[in-house]
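Hi everyone, thanks for coming. Today I'd like to walk you through some aromatic contacts, so let's bring up the model.

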Amino acid sequence: MIPLTHHLILAAVLFCIGMAGVLVRRNALVVFMSIELMLNAANLTFLAFARDRADAAGHASAFFIIAVAAAEAAIGLAIVISVFRSRGTINMDELRTLRN
Amino acid sequence: MNIPSLTFLDFQPVLPALLLAVGGIVLLLTEVFQSAATINRAYQSMVALAFSAVAGAVAAATTLEPAREVFLGFGVSDPFSGAVTVLVCVGLGLSVLVSAGFLRHRNAERGEFYALLLFAGAGMSLLAMSNEFITLFINLEVMSVSTYALSAWLRRGTRPSEAGFKYFILGAFSAAILVYGASLLYGATGTTKLSELAGLLPAAVASNPGLTYLGAGLVAVGLAFKVAAVPFHMWTPDVYEGAPTPVSALMSAGVKATAFASLVRVFLPFAQDLGPNHAQLMTYAFAALALLTMVVGNLMALPQRNVKRMLAYSSVAHAGYLLLGVAALFARPTGGEGPLAVTPLLAGAEGAARQQTLQAILFYLLAYTVTSLGSFGALAALERREDEPRGTAWDLEKFAGLSQRKPGWALAMAAMMLSLGGIPPTVGFMGKLFIFRAAVDAGLVWLAVAGVLASAAGVYYYLRVVVYMYMRPSQDGVTVPERQWTTELALVLSTAAVVLLGVAPGTLSAWLGKASVLFSQ
């Protein structure tokens with residue numbers, strides 16, 4: 001059986017990759033994917049602890065997070081499409097109408 | 001397998017949220033039956049207003065019932081959550097009134113808009129009651145997903161979609177941080193319920209300090225994004241400027257108020273059950289956050305000539321004053337040692353002091369809700385849609401000579417600016433007085449002094465708007481949009497509230513004092 005720490009380290013690495021992606025990448029879809037990666041890191045952490053403790057609450061949490069992530073994806077992609085329609089690009093560096 | 005038995009007592013506290021959700025569904029369904037020939041959308045704002053009024057009345061009637069757990073401990077019904085729901089419904093109602101005129105002027109009135117407003121309100125009401133991390137996360141997302149869609153509502157030009165996008169990316173980012181923090185806390189303590197967390201924290205800190213601190217820190221960062229505390233405020237000015245004005249109003253009032261409510265609910269166990277050292281650590285952490293937010297918010301607002309952007313930075317500054325209240329709540333004056341123990345309180349008096357601080361926070365939230373909605377409402381009345389794509393609709397010059405063209409609007413805006421600046425006789429002054437007094441009582445004298453100085457700097461940019469309205473001549477050829485009775489009603493209501501509560505805050509603050517009770521084991 002794979003020990004708990006391995007799962008946790010994998011989840012932490014995924015979370016950090018996701019976070020770096022949000023902060024560094026400029027393509028809106030890649031940023032969006034990175035956020036999903038962060039949510040999945042949380043899922044993996046919940047599941048790893050839930051298996052370790054044999055606790056159903058952690059397993060249930062992961063399902064709720066998946067459902068919320070799906071709702072978020074629906075609204076997020078709609079907003080990305082409306083950005084693309086209004087300016088023909090989804091590069092975040094070109095979103096600079098609103099600034100000081 | 002044991003099936004939980006839920007009774008009417010479980011559902012009764014969520015009645016306001018259910019009413020708001022039903023209102024949203026009614027609006028969505030009736031929108032479907034609109035045919036192109038007989039289109040009539042005048043009823044929609046009234047339906048939304050009626051549902052928020054009824055939900056607010058139900059919440060107000062049941063606010064002072066004793067605190068208890070509902071839904072097997074996943075939620076709590078306490079006077080605090082009731083008061084926050086009332087506050088949300090007040091903000092929702094005013095925002096619906098402002099939206100009606102605003103959307104009609106832009107030919108963008110649809111049932112979905114009000115439905116999204118009501119769904120966001122339902123999420124806010126439930127968020128104030130959430131007492132478990134996953135419940136909290138879901139309700140936070142119900143509120144946020146609705147506001148993402150609302151901020152990108154207008155399709156004209158590049159601004160609204162950009163605002164929606166920036167809000168979505170940073171909102172989803174912060175939610176992911178929050179839920180990862182919650183998963184680490186689950187690992188450290190074995191529970192996601194806040195009521196069980198309280199008892200398990202000391203053992204978790206002893207055996208797994210890294211996991212516990214990191215988890216709590218990430219949850220705090222996630223919530224700090226939502227309340228727009230510096231340095232997590234970068235999205236605020238852009239989003240508030242690009243979003244439709246009534247939506248910016250709701251974001252600055254409702255979203256912020258409920259995020260503060262859950263911040264208090266999540267972190268009070270940490271300050272309460274981990275001993276004085278941790279309480280002091282948390283007080284310092286939140287005091288630093290408050291100081292940074294007050295100073296940066298006010299300094300960034302100073303040079304703004306775009307009034308909507310100025311209001312956005314002012315909303316950051318106000319989050320700072322509220323964080324000052326939160327820091328005071330966590331400060332545990334135990335008397336004797338420590339730099340925090342300037343005014344020693346007896347252990348028995350601690351609960352009373354905490355209740356008073358909570359009352360100050362609630363009063364400030366209410367004061368800021370009516371003032372912010374009034375000021376954004378005046379802005380919405382004044383902006384012309386042809387100026388929006390160029391971003392000049394909110395320029396300070398648009399306010400020049402307003403007192404001659406529209407004396408009523410100028411008076412309302414002046415009252416709002418005085419209240420935001422904290423000048424008597426307005427509700428904003430009373431709110432600041434309560435918050436700073438609570439901070440001084442908690443021994444955070446230096447922070448209260450910093451807060452007073454920061455708000456003195458704030459008076460400059462608030463009064464500049466008043467000076468433009470009353471002392472500058474009107475520009476040639478400036479037209480103002482036609483009057484909308486709904487917007488004017490919202491202005492009258494919020495101005496009356498700002499002045500009356502500023503002159504006679506007694507009844508309200510007494511009620512909020514009774515409502516400042518959090519559920520505890």
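Let me start with a question: does Phe113(B) count as buried or exposed? At 0% relative accessibility, Phe113(B) counts as buried; that word means under 20% relative accessible area, with exposed over 50% and partly exposed in between, using a 1.4 Å probe and protein chains only.

Some housekeeping: this is a predicted model, where local features need pLDDT of at least 70, side-chain atom pairs count only at pLDDT 80 or more, and totals for chains, interfaces and linings use all residues. Residues are numbered from 1 along each chain as its sequence is written, chains are lettered from A and ligands numbered from 1 in the order written, and side-chain values use heavy atoms, leaving out hydrogens and water.

Now, the pairs. Rings of Phe, Tyr and Trp (its six-membered ring) pair if their centres lie within 6.5 Å, with planes under 30 degrees apart called stacked, over 60 edge-to-face and the rest tilted. That rule gives 20 aromatic pairs over all chains. One of them is edge-to-face: Phe11(B) with Phe71(B), at 5.2 Å centre to centre and 90 degrees between the planes. Phe11(B) is partly exposed at 38%, and Phe71(B) is partly exposed too, at 22%.

Back to Phe113(B): its ring centre is 5.4 Å from that of Trp153(B), and the planes meet at 65 degrees, so this pair is edge-to-face. Trp153(B) counts as buried, at 17% relative accessibility.
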